Amino acid sequence: VHLRGMFQAVYTAGVLLPSPVAECQYFHRSLNPQKLLDVGFSGLGPRQTVARLIKLNKLPDQPDPCSRPMTMDDVPVVHAMLNEYLNKFSIHPYFTKEEIEHWFIPRQGVVNSYVFLNRKPSQQQQSPSVITGFSSFYHLPSSVIGNKKHKTLFASYSFYNFNTIGSVIDVMRQSLIYARNEGMDVMNCLDVMENEAFIKELHFGPGDGKLRYYLFNWACPAVSPSKLGLVLG
């Protein structure tokens, strides 16, 4: 890295090293409750039944018709809007247009991104100029060992989300529907940015894992997760 002229870095680790710039917690939202029980990813709480768990995590069959997958035509608008949104956080990246294309243009089994439009469903023209919100998640499946019924756990991780005319809850709810319809079993997220706004409302449960953010060769005071505008696994 030094030979390429880069002398700073940001990285994450589950372990505690001296000294993290932020300490975040993972949260999990069930999309396929029965499968998560089958593989031991989650369990039933006191006085909870499988039927109640499934009902609690039920989502609409289809997402809002005023949302759609992101396309190449959306790159300039998403580039401007996402960078403007991230400016409110103490630590955040700046994305170039090329990076927006690389990280967010949907790729099967890698990343899904959606834009939300301020228009009526009857309006057929899809113009990037009416984008008011954005959501994305990436895929990170895991092998299931020793289970005769399931071989793979399909996990999605919340990436970047924003909403300019409402709450981030609205776009995240649609993202859950899209993820479920993509065959995801669970949506994971960190309590970074404004994610705390939807964690309780959308039935995300706390995990037992911590993720610490570290800066290499940078002097920076520690910040709370809500001041962190950077998503790393």
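A residue is called buried under 20% relative accessible area, exposed over 50%, and partly exposed in between (1.4 Å probe, protein chains only). This is a predicted model, where local features need pLDDT of at least 70, side-chain atom pairs count only at pLDDT 80 or more, and totals for chains, interfaces and linings use all residues. Residues are numbered from 1 along each chain as its sequence is written, and side-chain values use heavy atoms, with hydrogens and water left out.

Select A222 to begin. Its relative accessible area is 61%, so A222 is exposed. Helices (H or I, at least four residues) and strands (E, at least two) are DSSP runs, numbered from the N terminus; A222 sits in the segment after β11 (205-216).

From A222 to P20 it's 202 residues in sequence but 7.0 Å in space, C-alpha to C-alpha.

Next, pick S19, in the loop between β1 (9-13) and β2 (22-30). A cis peptide bond joins P18 to S19, with omega about -10°.

Hop over to R47, in the loop between α1 (33-38) and α2 (50-56). R47 isn't a glycine, yet has a positive phi of about 60°. With 75% relative accessibility, R47 counts as exposed.

Finish at N217, in the segment after β11. N217 is another residue other than glycine with a positive phi, this one near 65°.
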